[in-house]
There are 8 protein chains.
Amino acid sequence: MVNEQRLTRWLREVRAGRRTVAAVVRDLRHPPIDHLGFAQLDTHRRLRRGLPEAVLCEGKTSAQIVRLARRIIASGELLVLTRLDPATASVVQQALPAVRYDPMARLGYRLPAHRLTRRGLVVVVSAGTADLPVAEEAALTAELLGSRAARLYDVGVAGIHRVLNAFPLLQRARAVVVVAGMEGALASVVGGLVRCPVVAVPTSIGYGANFAGVGPLLTMLNSCVPGIGVVNIDNGFGAGYLAHLINHASNSR
Amino acid sequence: MVNEQRLTRWLREVRAGRRTVAAVVRDLRHPPIDHLGFAQLDTHRRLRRGLPEAVLCEGKTSAQIVRLARRIIASGELLVLTRLDPATASVVQQALPAVRYDPMARLGYRLPAHRLTRRGLVVVVSAGTADLPVAEEAALTAELLGSRAARLYDVGVAGIHRVLNAFPLLQRARAVVVVAGMEGALASVVGGLVRCPVVAVPTSIGYGANFAGVGPLLTMLNSCVPGIGVVNIDNGFGAGYLAHLINHASNSR
Amino acid sequence: MVNEQRLTRWLREVRAGRRTVAAVVRDLRHPPIDHLGFAQLDTHRRLRRGLPEAVLCEGKTSAQIVRLARRIIASGELLVLTRLDPATASVVQQALPAVRYDPMARLGYRLPAHRLTRRGLVVVVSAGTADLPVAEEAALTAELLGSRAARLYDVGVAGIHRVLNAFPLLQRARAVVVVAGMEGALASVVGGLVRCPVVAVPTSIGYGANFAGVGPLLTMLNSCVPGIGVVNIDNGFGAGYLAHLINHASNSR
Amino acid sequence: MVNEQRLTRWLREVRAGRRTVAAVVRDLRHPPIDHLGFAQLDTHRRLRRGLPEAVLCEGKTSAQIVRLARRIIASGELLVLTRLDPATASVVQQALPAVRYDPMARLGYRLPAHRLTRRGLVVVVSAGTADLPVAEEAALTAELLGSRAARLYDVGVAGIHRVLNAFPLLQRARAVVVVAGMEGALASVVGGLVRCPVVAVPTSIGYGANFAGVGPLLTMLNSCVPGIGVVNIDNGFGAGYLAHLINHASNSR
Amino acid sequence: MVNEQRLTRWLREVRAGRRTVAAVVRDLRHPPIDHLGFAQLDTHRRLRRGLPEAVLCEGKTSAQIVRLARRIIASGELLVLTRLDPATASVVQQALPAVRYDPMARLGYRLPAHRLTRRGLVVVVSAGTADLPVAEEAALTAELLGSRAARLYDVGVAGIHRVLNAFPLLQRARAVVVVAGMEGALASVVGGLVRCPVVAVPTSIGYGANFAGVGPLLTMLNSCVPGIGVVNIDNGFGAGYLAHLINHASNSR
Amino acid sequence: MVNEQRLTRWLREVRAGRRTVAAVVRDLRHPPIDHLGFAQLDTHRRLRRGLPEAVLCEGKTSAQIVRLARRIIASGELLVLTRLDPATASVVQQALPAVRYDPMARLGYRLPAHRLTRRGLVVVVSAGTADLPVAEEAALTAELLGSRAARLYDVGVAGIHRVLNAFPLLQRARAVVVVAGMEGALASVVGGLVRCPVVAVPTSIGYGANFAGVGPLLTMLNSCVPGIGVVNIDNGFGAGYLAHLINHASNSR
Amino acid sequence: MVNEQRLTRWLREVRAGRRTVAAVVRDLRHPPIDHLGFAQLDTHRRLRRGLPEAVLCEGKTSAQIVRLARRIIASGELLVLTRLDPATASVVQQALPAVRYDPMARLGYRLPAHRLTRRGLVVVVSAGTADLPVAEEAALTAELLGSRAARLYDVGVAGIHRVLNAFPLLQRARAVVVVAGMEGALASVVGGLVRCPVVAVPTSIGYGANFAGVGPLLTMLNSCVPGIGVVNIDNGFGAGYLAHLINHASNSR
Amino acid sequence: MVNEQRLTRWLREVRAGRRTVAAVVRDLRHPPIDHLGFAQLDTHRRLRRGLPEAVLCEGKTSAQIVRLARRIIASGELLVLTRLDPATASVVQQALPAVRYDPMARLGYRLPAHRLTRRGLVVVVSAGTADLPVAEEAALTAELLGSRAARLYDVGVAGIHRVLNAFPLLQRARAVVVVAGMEGALASVVGGLVRCPVVAVPTSIGYGANFAGVGPLLTMLNSCVPGIGVVNIDNGFGAGYLAHLINHASNSR
């Protein structure tokens, strides 16, 4: 692979007449990418996207997770392990005692070497008690990435006054995450009350015609309220990430 | 077929000894139904179900509709023609000038010979302007069957205050019909505000992930608010019928 | 939060000149809701909706359920715990011995302090033996809320005479709940025989093309018989609740 | 291709020593089929399956249909053209005046040269007026193939007595075809009343959650009544064919 | 309920003047059915349908199954317990040692008191080894009801010669059951080779886009070969029942 | 309705002793909302949400659209008419010549009285030429609301270098809208290249297994790249609105 | 953009000391792609993929198609216009008389300047007459790209001998395309008979449970025969392209 | 069955007058197939298809698998056991110690007696770590059948440079297998970079709207890149088989 150092050396050799022009052209030709060392997984994601990579643990072995986590910790970068079940978490923690684990959010993490100040407000709203794991995954993710997060839980539309009551808090948010299973109507109601973008997360909470989250997913996609972006069913991490990105934009400019 | 008159005559003949017991037993044996003239379509539906039969026009020829309508009018019973498109309606009206037609609700009808007093309040709530045809079908059906109907239209959840504003009216209803397309969240919000049963009608209004009404249908079935009964997509007639039935029960006892 | 007592006190202070008009306006301004203490979960649901709130146990921890149940019992209100599995039930009962548990219906409950007289008849009809848990959930729910409930079980359409036989009972009902899995045809057959509203509950009983209840759900939504309101698959609680609401309307006016 | 005449001739030549064994083996080797002239489309289907081939007109050009029809007529075999729309039918009839057309059933046909006696009773039951085209397609198909067909139309489950009334007729059938759209419950009800096999045809009649026939299709597949075989949505031809096959079996043995 | 005895007594009392005509009319009016004792579950199913009722064990408790089985055995009728898992089977057999159990077909059964002669040939064809349980359920069901059954297993279309090889056997059948998972193509291939009706059973064998049997279900419904009736996914019992019914018709006339 | 003026007057009357405390408590009790004049549709949406309301034209009559448009123009607010077909557009323009129409984006609009400066960059990326209408709807919406919009069209993943080529532009964006039909893979590829939030819009462009946009919708929801919010199929307006909201947040703080 | 000429010039300037090493490194840094002029749409697709790009006409305006076609013709490359309807085709041909049009295959095309010799055999097999357009699209595509194509049409599985008859032809193919609607079983049957890869194309031909091609799509994906690759419903072009690619590989090595 | 020996003997007997012509005609008539011994399962699959049969273990008992494996080993042919779980594998290995097992790929196998030289390059590309089992199944299958396989794992589109980096390797492949779950976008990206056919395998890796692999399945079917053939979800074996077939074609001609 051609990185910046190697390219510089080659050019110097061209200048010095120790390397032909044709040789350099040939070496640069084939890969239509990445001449400047763009590729190292865990050190460049932040450069390109502004945030480090997280590790989705579902479908990976404990050994694979530990190896990836060790490498990220070694780089001094923030470590986030998502969908980490308790059994695997304890294996990871035995190998890497620096890793902390939140069983409700199913997140393992280790803060980066450099401290970050949390700025801007993300409000995470959830409809029911059973939606808490996804809501906590969103809230904790936003916090780990550098946002402040307020939690507004159990405010389902069956008692609409509960969410209306939180109007002042909602108006202060720079991004709102709405987490709802069952029929998922909360996203539209909240969306109609706020000025900022809403990230809607359908959950698989419910039964029958909920179809493991399809019900609230369709509700959120069909919302008559503009300004709502939907993420995958139960994707609390993605919601927290997107909300932080929106909040972060407000901060950094 | 054995109707009440015939049965009475037979029994009198038995009493008079002009007919054997065995003959009557034999005549009553084979058909496990309908011994009392129960079968005449348009005169007995009201006896059994309390309401007359309506004619679903979709899939029927104009000639078939006219023939059925003429027979119902002749019986003095209420005539309701549902899903009657304007072109067919004008054919029907040429043949049967007594039939009235509401193009918005796509209903043809003729009031029964005996006047009825409308009693009890059914409130029909709709989310958007495009839901009006289904909402009108529900409201007019309830009125034709004998309920008073109040209309509360265009109160979608994007501006939640609009429906909250109607709280006093909603609290007075004996049955509420909620008509909503898009994400259909209105049913849950209204359901959380009323004391009476709610009949929810998903409509096929929307696009994309609405899937011709599947979106709001799932929303309504999954509602976290108990007390909601759902009817088929775009089934304004069924909703008005059910709401009247609920309202009527309150009146008649 | 502003409740009635507080508002009364404020107004008296205004009258007495001990509080300015501007201060009261300011305190009432921001939350567009709930000035009269409307928000306390378990004491005001009954005021607004006429019935208390039930607790859906699925997705909640035992600790959360116990805490909610204790609070509702303390308020003297009816406690209903739905979808309560036996293991959790015994944890709840250890903490709260006053709670009774019906394993068939999967309902935990405690009657309210004030005795209620059961009035009006809800008939719960079920197609097969395997539908019993959902049917019992509906019947017991209606009874707990204050309806009398008659059970008419195992009358599937394979032997149509079984349901026809119950015609007199069905005609006496103020609301009928039909619980059916497999193809769910029973709802239409019963709907064609009664004068009162029918609440149809599809169950997930069946296999193959039943698709965990989608088959009977579609059957019930597509019914050619008007007067049927459908609730979610396996939602016995919702069906009993809605049937009681309909029955109750008949009683209270 | 090797047909029976040719094979016989070859064998005689072998016997006469005018043809070598090796030559015959070679000629029979390559095609793993059809050595006896089995392949001629329209003359051998009847030999193998007992009934001739029908022509599905949907997706074929008028010219293709005329060419196929002419060939079948020339063979003296029964011609059946299914799903033939009126416009194409008139083109076909101009080219082949012997072809008759039933616009309700959308069937074009010409009886075979040899007269057939219709035997055995197929009863075709339909739920609603809008199901008539599919029901007629089934009934006429059964008749064309050689069954007697009785029609029992508009006996939907909303008035269950209508079908019960036909109990004696149903008990006489050797095969019953049930045609139903909407929720398709009629198949189960009829299935529970008869001794013979039932062929169930879901139709696309309905709207909303009918999903163009998926609703009644699932109903029929999930039927709690054994003895029902289901064919594709709107497949009146297939139903009439299968019913005739069942009826025919009864006759021929 | 009004049975023949009671009706006869009433009529005699009328004749004797001990009962008024009006009283009899009133007593006969309300139930639109069943005046002659048409109803007893387990003794009349055979009368009406020609075959006794089977017990679907899934979703029933062991106690319920034992009670039902005992009652059927006591009546001297054939007992068939479908979808009976091994654990429940051993409970049933401990209570009712006369019950036999076939673990492959998951059928429990006890032959009726009167011996029956098996007549007519049902051929059960299956595509793969994993389809055996459903195929055996079909074959054993047909045998228990009174058909002879031939088994032709593991003849999937990947090696088409295997099923072609069985052409003579297939041509002798009075009904063929085709059991296939994966893509379910076998039904069409077999359907094209036989003269008799084909009963097609999709199975849930497969993975991915098989969708638990939806793949072969659609294949069978869409078959370009007429003469195929489809039953529910994995419904071996229903297939055997229908095949026997078809075969039986051939025998009995 | 209770607004601030009325409340102030009441309180003054209380202070003056001309109004009882009980009367004020009663008047404030029933509606749990909206005491401060929160409700007027078109003048308060901007106050609450920061942006005015748009009019979805699909399902509305021309007369309804003209009436709504006239009222919004009269208020001096920005008018946006979405999904406006050309025929209706010309009717609207005849009535309201100030309305402009973009046939590609199917948007009618009239800029507000107060000029706005477009700030911040929204990049709209589309995969294929056929996606242009939705992409233009998004871009023009963002511009009308006050964002600058850059268009990057026809950069589908079949030639991945086309989108990689735009890396510098993408890195400058404050929000990116990705519009893609077919398989919708572009959203993930773009998402992996940018620092800002991505709004993904699946389109119904494609055929077969595209299922009118379901294919790309699932692709986008399942993206392995975090930071993507999905809107409804073909919802260019919603995407432009959300992208503007995100961009606007960056500007305003 | 950096192409080979420019890079060479830069390197020569570095060698000559007229350009600094740092300047070249900076110019090469930002775009992670395409330094060597890799990007020109229509001239490089063949270099990278071995075949030129085709134009999907659906969703494009006539003007857009003409512009793209003109540009491709000007480059001397093969022009293929897919899904071109007759009306648009005649517009294109008026503008570009060199374009030929096959209405059955809905393909517009112009052969490239350099003649190509067709090599290797692709056999296109179709089940029914109605599948011809898709089959022709596949066959003509393969021919245009440089394969010989044999057509084997109307060999559906209802008469299995028809396809078995073609065994010798099928064994000679280097790639086989199977085009089938209805139940799509032909793919498995053919797949079991050949040595070469099979490309399966489901078509939307059929009705009811065909679901516009979903039926045969699932059949083909679930095939028990390995060696089958499936393309999108009705995607004759993609099938011909893939079959040619497979055939071409055989030729070129 | 009639094989060549038997046919020759018959013909000789005809020639010798020891067998009548009629007898031979009769014996050849009924089976429309297979006169030349085309049939033996495990010895002829390779003859007809060029590759031996594999055993799908899912749904088979250990005993069935052992019996089939023993028979294949005895024939000297390659044994491949797919979807073999570890527990069953150890039972098989106890019975047949020659069988090797790869737990990652879930493949049991035994190389054939005759050694094969691996030729041609199949590249297996996978998106994520969790896709490894399916990718390994594909790679090992291709190797067992006789291809060389290169593995290129964990190159998901979130970091597009990772796959672009492998451009030279991809260009050398004769067939590429792309294995991807989540949104499955990798297939299109890789498809756009290679000259050879691509075999795409959707996996069930993911959650929510992934729907157990439906998401990536649709993505791959809808790909805007021609030259991609899709196999069933998680069907690594089928993908490896097809890729080998394509590669093998290149080699053998």
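## The largest pocket

About 2,200 Å³ of space lies in the largest pocket of this structure, which is a predicted model. Of the 45 residues that line the largest pocket, those closest to its centre are V214(B), V214(C), V214(D), V214(E) and V214(G). Two or more lining residues come from each of the following elements: α10 (214-221) of chain A, α10 (214-221) of chain B, α10 (214-221) of chain C, α10 (214-221) of chain D, α10 (214-221) of chain E, α10 (214-221) of chain F, α10 (214-221) of chain G and α10 (214-221) of chain H.

What classes of residue make up the lining of the largest pocket? The lining has 39 nonpolar and six polar residues, and no charged residues are found in it.

C196(H), with a relative accessible area of 5%, is buried.

## Open sheets in chains G and D

In chain G, four strands make up an open sheet in the order β1-β2-β4-β3, and their pairing is mixed. The edges of this sheet are taken by β1 (55-56) and β3 (100-102) of chain G, and because each has a single partner strand, one side of each is left without a neighbour in the sheet. The strands β3(G) and β4 (residues 107-110) of chain G run antiparallel and are joined by three bridges. R100(G) has Y109(G) in β4(G) as its bridge partner.

Chain D holds an open sheet of four strands, in the order β1-β2-β4-β3 and with mixed pairing. Its edge strands are β1 (55-56) and β3 (100-102) of chain D, each of which pairs on one side only. Strand β2 (residues 79-82) of chain D pairs in the antiparallel sense with strand β4 (residues 107-110) of chain D, and three bridges connect them. Within this part of the chain, L79(D) stands opposite R110(D) in β4(D).

Helix α6 (residues 132-145) of chain G has 14 residues, and from its first C-alpha to its last it reaches 20 Å, close to the 20 Å expected at 1.5 Å a residue. Of its 14 residues, 13 are buried, so α6(G) is largely enclosed by the rest of the structure. The residue that follows α6(G) is G146(G), whose phi is positive, near 125°.

In chain C, helix α6 (residues 132-145) has 14 residues that should span 20 Å at 1.5 Å a residue, and this agrees with its end C-alpha atoms, which are 20 Å apart. Because 13 of the 14 residues of α6(C) are buried, the helix is largely enclosed by the rest of the structure. After α6(C) comes G146(C), which has a positive phi, near 125°.

## An exposed loop residue in chain F

Between β4 (107-110) and β5 (121-126) of chain F runs a loop in which T117(F) lies. Is T117(F) buried or exposed? Its relative accessible area is 64%, and T117(F) is therefore exposed, the cut-off for exposed being over 50%. Although T117(F) and L145(F) are 28 residues apart along the chain, their C-alpha atoms are separated by 9.8 Å.

How values were computed
Residues are numbered from 1 along each chain as its sequence is written. Chains are lettered from A and ligands numbered from 1 in the order in which they are written. This is a predicted model: local features need pLDDT of at least 70, side-chain atom pairs count only at pLDDT 80 or more; totals for chains, interfaces and linings use all residues. Side-chain values use heavy atoms; hydrogens and water are left out. Buried means under 20% relative accessible area, exposed over 50%, partly exposed in between (1.4 Å probe, protein chains only). On a 1 Å grid over the protein atoms alone, a cavity is a set of points where a 1.4 Å probe fits but cannot get out, and a pocket is an open set with protein on both sides within 12 Å along at least five of seven lines; lining residues have an atom within 4 Å of a point. Grid points are joined across faces, edges and corners, and a volume is the space filled by probe spheres set on the points. Ala, Val, Leu, Ile, Met, Phe, Trp, Tyr, Cys and Pro count as nonpolar, Asp, Glu, Lys and Arg as charged, and the others, Gly among them, as polar. Two strands pair if DSSP finds at least two bridges between them. The expected span of a helix is 1.5 Å times one less than its number of residues.
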